[in-house]
Amino acid sequence: MNGLIAIIAIVAILLVAGTALGLIRRDRFSLRWLLVAAALVFVNDLLLTRGYGLIPRVLADSDWNWEGKALALLATLAIAALPAFGWRRVGLTLRQEPGSLKAAIPVALLYCAFFAALALAFPGDAPDAEAVAFQLTMPGFEEEPFYRGILLFALAQAFAGRVRFLGVDWHWGAILSCVMFGLAHAFGYSDGSFSFDPVIMALTAIPSLLAIWLVLRTRSLLLPVLLHNFGNAIGYLL
């Protein structure tokens with residue numbers, strides 16, 4: 001129940017903030033696509049939590065959410081295959097935009113340096129094999145196709161206005177997708193009250209913006225997926 005209340009609040013934040021931004025330029029705003037994005041956020045959380053615990057676990061002895069991540073990933077891939085989306089249009093392609101890798105490499109190195117610095121500053125406990133295996137696969141494979149794939153695509157359709165900055169065309173949807181990613185990690189509900197961790201929000205916002213820049217520049221999720229899994233696992237490997 002706590003998770004359901006938290007995701008309802010997050011979806012409400014998206015709808016209120018998105019509508020407010022859309023009203024600034026009504027002629028470039030699609031409420032229908034904003035509602036689609038809100039539905040995507042809810043469905044993703046529903047599957048990540050295995051229907052808020054209603055779907056039984058397969059790996060009962062595991063400390064990691066393999067089942068929820070797998071369900072959410074399958075749903076993301078199915079949605080990406082719909083005609084309104086399209087795998088290639090949401091970045092599910094190995095093909096990189098011609099000439100983009102030269103610009104992308106420094107950003108990718110900055111991403112790696114950010115997480116390496118965090119790992120050195122905040123060393124964790126020695127991991128087991130399952131922890132390393134999970135962090136090297138599931139976070140990037142599930143979260144990037146969702147947040148930087150179908151969700152970013154839906155929000156890009158909701159906000160047609162574009163501003164050219166640092167070599168890519170930004171829109172309000174890119175910022176909102178970063179906010180959704182940050183809130184998924186920093187916002188919660190328990191014991192009758194909401195909680196918010198601004199430090200976690202900030203630490204997720206930086207790599208999220210870098211990942212969005214990479215997707216917008218390369219037109220592919222390949223680098224964000226690889227970098228996301230590196231960022232999650234580097235703390236265990238150093």
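**A helix and its cover**

Mentor: The buried residues of helix α1 are Ala6, Ile7, Ala9, Ile10, Val11, Leu14, Gly18, Leu21 and Gly22. This is a predicted model, and what follows was computed from it.

Helix α1 covers residues 2-24. With 23 residues at 1.5 Å a residue, α1 should span 33 Å, and its end C-alpha atoms are 34 Å apart, which agrees.

Now to what lies over those buried residues. Their cover includes the helices α2 (31-48), α3 (50-53), α7 (138-158) and α8. The strands β3 (187-190) and β4 (193-196) are also part of that cover.

Asn44 sits in helix α2. The relative accessible area of Asn44 is 5%, and buried means under 20%, so Asn44 counts as buried. Apart from neighbours within four places in sequence, Asn44 is in contact with Ala72, Thr76, Glu142, Phe146 and Tyr147.

The other is α8, which takes in residues 172-186. Its 15 residues should span 21 Å at 1.5 Å a residue, and the end C-alpha atoms of α8 are 21 Å apart, so expectation and model agree. The buried residues of α8 are Gly173, Ala174, Leu176, Ser177, Cys178, Met180, Phe181, Gly182, Leu183 and Ala186.

The chain has 10 helices and four strands. Read from the N terminus, the order of elements is α-α-α-α-α-α-α-β-β-α-β-β-α-α.

Contacts across the sequence come next. Among contacts in the chain with a separation of 6 or more, 73% are between residues 24 or more positions apart.

A compact globule of 238 residues would have a radius of gyration near 18 Å, and the chain has 18 Å, which agrees. Along the principal axes, the C-alpha atoms fill a box of roughly 50 × 45 × 35 Å.

Of the 238 residues, 46% count as buried. The chain exposes about 12,000 Å², and carbon and sulfur atoms supply 70% of that area.

How values were computed
Residues numbered from 1 in each chain as written. Predicted model: local features only at pLDDT ≥ 70, side-chain atom pairs only at ≥ 80, totals over all residues. Heavy atoms only, no water. Helix = DSSP H or I, 4+ residues; strand = E, 2+ residues; numbered from the N terminus. Rg over C-alpha atoms; globule rule 2.2 N^0.38 Å. Buried < 20%, exposed > 50% of the residue type's maximum accessible area, 1.4 Å probe, protein only. Contact = heavy atoms within 4.5 Å. Areas by Shrake-Rupley, 256 points an atom, 1.4 Å probe, with all protein chains shown as cover. Expected span 1.5 Å × (residues − 1).
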